[in-house]
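Here are a few exercises to work through with the model open on your screen. Try each task before you read its solution.

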Amino acid sequence: MLLKLGSMLAVVAAWFGLSLLLPDTVLPGPWETLKVLTENVVDGQVHEHLLATLGRVLGGLALAMAVGVPVGIVMGLNRFAEKTLDVWVMVALTVPSLCYAILAFIWIGLNETAAIVAIGLTSAPSIAINLWEGVKNIDTRLFKMARVFNASRWVVVRRVLFPQVLPYIMASLRFGLGIVWKITVLVELLGRPDGVGFQLFYWYQLADMGQVLAWTLLFTLVMLFIELVILQRLERRLFAWRPEVRL
Amino acid sequence: MSREATDNGIRVEGLIKEFPGQRVLDGLDLTVADGEFVCLLGPSGCGKSTLLNILSGLDGDYRGSVRFGGQPMAPGGKPPVTIGYLFQEPRLLPWLTAERNVDFALENSRVPRARWAAIKDRYFALTGLQAFRHYYPHQLSGGMAQRLSLVRALAIEPDVLFMDEPFSGLDELTARRLRVDLLDIWRETGKTILFITHNSYEATFLGDRVVVLSRGGIRDQITVQVPRPRDYDDAALFQVGKTVSATFIEAAEAAERDRH
């Protein structure tokens, strides 16, 4: 914890040092950036854009999980599914996220649905691969044990398969969040009239570095909060039974 | 379902099991009397585990007949009696405590919920695990984990116990203790036990009868007439063990020759 804090302070210090050497139009210092950010918050424009972005992040993540998790599980458990699907997952992973965004906006229209579809489909292959690799590690001998003890198929899925898959689902949730929020910003820049991505692009066009950094900082802080405070806690509670304690 | 018919013997006749290009069981006949402790001994690949898979209803693809206490088991169906199973590894659910692991088996059994507490008390006491009921499997030693899986197998009040090399993964000292405990529990409960092993002396120490398998059938059977309770250092037991061991090695060598 102290180490984390120390490294964070060091980075802020380096940022400060560098900003003294460079002009404000290239790199404003941490203090200026924080001031712009506070002004934005006081103006009341922050939460409108932030909420729009978070909504898309959540929607996109939900879609990505809904597609990626079942595909990954089936591929990990079933050889036939693995053989038929692995090429397509690789193809889907290779297509640049910009292509998904363009296609979604052209086919579905410049609306929220298109944004969420683009975000979800871009991240789904990574989540599927993550889960596919994970599910290969689960202990299938426990299935035989459960069957010998007369467990029904449903009981096996719910009480033997699911608890083993859950750690991988949680891992891909965190990992997926990291991908999703980067894509969300890109999608907003391309085809939405609000959100953090839209703001970044707007201030970029006006060449206002203070604003660009302020929005970047805001978004990073919010995502760190979700990752460190919400997801890590949830994980710790869910996997209390595990011998190895995570960092 | 009533359980007045107390005959829990097993009768296997003409059992044939084929895998592509290989006949694993070739007309096997085997009888285990009600309450008898039979050890199956055989080289690897002789069909021991295949036999247990068939008898426990996991593998329905075979020919021949299987009966439990006179009731036939339909191929592809479940055994008509309750079966308790011990694997080579404990196969516990790592996210459940010791007690919850036993509950998992009970929930899928016919044992009425009202009796669970008494049953668990009894078998946790019998295996010396009372103090560890709230431990997770990773907090237990190998021997304790295997004891717990014995509690799980006994808790569902099985008519028959199948044991697939349950002590082969343990150190010899722990295995010895567990064998003695198993015999105590067997004396107290009178279960019919089919015990698979590749350890001749273990088979001799435990069994009423040792059946040596080879090439998909019975090669020899040795009745162990040493009275119980038995002692590891009993010279008579050691003599029988030597005979069993010689038969086992012969069977293994014959199987080896077959392969070449």
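**Exercise 1.** Find which residues of H4(A) are buried, and what covers them.

*Solution.* Start with the cut-off: buried means under 20% relative accessible area, exposed over 50%, partly exposed in between (1.4 Å probe, protein chains only). By that rule, Ala81(A), Glu82(A) and Val89(A) are buried in H4(A). Next, look at the cover, which includes helix H3 (45-77) and helix H6 (112-135) of chain A.

A word on the source: this is a predicted model, where local features need pLDDT of at least 70, side-chain atom pairs count only at pLDDT 80 or more, and totals for chains, interfaces and linings use all residues. Residues are numbered from 1 along each chain as its sequence is written, chains are lettered from A and ligands numbered from 1 in the order written, and side-chain values use heavy atoms, without hydrogens and water.

**Exercise 2.** Work out how far H4(A) reaches and where its kink is centred.

*Solution.* Helix H4 (residues 79-94) of chain A has 16 residues. From first C-alpha to last it spans 23 Å, close to the 22 Å expected at 1.5 Å a residue (1.5 Å times one less than the number of residues). Now the kink: it's about 45°, centred on Leu85(A), taken as the angle between axes fitted to the seven residues ending there and the seven starting there.

**Exercise 3.** Trace the sheet of chain B and name its edge strands.

*Solution.* Helices (H or I, at least four residues) and strands (E, at least two) are DSSP runs, numbered from the N terminus; strands pair if DSSP finds at least two bridges between them. The order of the 4 strands is E2-E1-E4-E5 in an open, antiparallel sheet of chain B. Its edges are E2 (22-32) and E5 (71-72) of chain B, each pairing on one side only.

Terms used:
Contact = heavy atoms within 4.5 Å.
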